[in-house]
Amino acid sequence: MRRTLTALLIAAALLLIAPAARADDPPDPRFGAVETYHEPAMADAAGVGWTRIIFYWSELQREGPAGWNDFHAPLARIDREIAGGREVVGLIQSTPAWATGGTPEIGVPRGLHLPIDDPDNLWAAFIREVVGRYAGRVDRWIIWNEPDIRQGDYGALWEGTTADYARLLQVAYLAAHEANPGVTIHLGGTTYWHDPGWLPGLLDAIAALPDAGEHGYFFDVVSLHIYFKPETTLHIVGETRAALAAHDLQHKPLWINETNAMPFDDPEQPWQDPVFRVTLEQQADFFLQQTALALSEDVERIAAFKFVEEPARPPGFEPFALIRHNREPRPALSAFRVITTHYRDTQDALRIHRPDSMLVVLNRGAQTTRIMWSRTQAGLVVDLPALAGSAQLVTPDGEARTLTPENGVYRVALPGVVCHGECLMGGSPLVIVEDAPANLARPADLAARTVHISPPGDPLPDPQAVAVRSPAAPTP
């Protein structure tokens, strides 16, 4: 009862601090979060536009191909997500022990290389069943998760070779289209850094399969997982597009269906041995920067991993979610709401990349949103050309105040980068929203001019122009 009451209060608070949406105004489908079904009302309030649900083969058919466990992915759960305006994307993984001669959950399915109409091709039969059962509710399917993690590395989820995964994808694509001609097939989300050559190798393996060109290489969307360092998105997206272009597949859309920078200093869930030292406030900063950069790279959709810490993480391990297990929000939830409010309806984006700062301009039709942050440990004071008679300056915690230009510019201060051993991301960003269109063909009319650089440790000048929260000191 207490948890339910807490969740309802948080959802109500989100609605109060965010601009009210029209009843007929659905969420922007680009901005998602994984597994929102644990708290759908809070997801409604946060403006989540799509979600991912894992469909474990080993749970759906526990005892054999004749059985089906309806309780694993109940229709009522999926229907509630759809009612909240969220598209549901299914992720299929985990081979049942009865269906593999390898290791249960990660082994290659028996009969995978048989024709797809052979009843002993267990994977083909399962794909027809699951895609057919959920057709109309779930029409996008991700085939396996992180198949690029090498055997022996922590988190390995696929025991087969790259060629085996190419066949897994081929069978899934062909069998799924038999069950649902309108289905969309996504590549399994790749981590990139475990094996930067995995995607080029996979595309080569697919090219060797019969009729690969006729069927679009047996996939429609590329899925990426990017964590901790927002600017690596530029490199990973560039390398991914280069690999696709080598096979004339550059038209394939890219999704970032997992992203986050997990904090080490959450007092409710301290991470005792962090890979990187990120504060709760920096987690919020990460989402604002990462989503802006993804839009500037024409990434089609992006999702936080994940929405709620459910099940609870063991003590000492990293906390992933926007919302704690006790249903209290982390600061990142406010940043996510800034995104769903002030990044939505983006039609085009421009990135102005400078040594000391990053600026992303979002053309939202009648509105323009500019997201800007320092790329140096020195704080910056910048002049930003005004597009209208005033602007809303929004901070990562969702607080906003009105800016009035002087001599045609807004003067604002950007906090410097905060580094805990390694500098992972830019300083805390500002979001500046104006009721005016942007001409992205004229970057000089949109770009900021640095007027002062404050050395590390010095206070930022002109405190009246500073509308940012101070970075929290790291918890020992």
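1. Ala, Val, Leu, Ile, Met, Phe, Trp, Tyr, Cys and Pro count here as nonpolar, Asp, Glu, Lys and Arg as charged, and the others, Gly among them, as polar. On that scheme the lining of the largest pocket divides into 23 nonpolar, nine polar and 11 charged residues.

2. The model is predicted: local features need pLDDT of at least 70, side-chain atom pairs count only at pLDDT 80 or more, and totals for chains, interfaces and linings use all residues. Residues are numbered from 1 along each chain as its sequence is written, and side-chain values use heavy atoms, with hydrogens and water left out.

3. A pocket is an open set of points on a 1 Å grid over the protein atoms alone, where a 1.4 Å probe fits, with protein on both sides within 12 Å along at least five of seven lines; lining residues have an atom within 4 Å of a point. Of the 43 residues lining the largest pocket, Glu146, Tyr227, Glu258, Phe305 and Phe320 lie nearest its centre.

4. The whole structure holds 31 salt bridges, each a side-chain nitrogen of Lys or Arg within 4 Å of a carboxyl oxygen of Asp or Glu. One network of them links Asp266, Glu309, Arg324, Glu328 and Arg330.

5. Glu297 forms a salt bridge with Arg241 (3.9 Å, N to O) and another with Arg351 (3.0 Å, N to O). Glu297 is buried at 16% relative accessible area, whereas Arg241 is partly exposed at 25%, as is Arg351 at 26%. Buried means under 20%, exposed over 50%, and partly exposed in between (1.4 Å probe, protein chains only).
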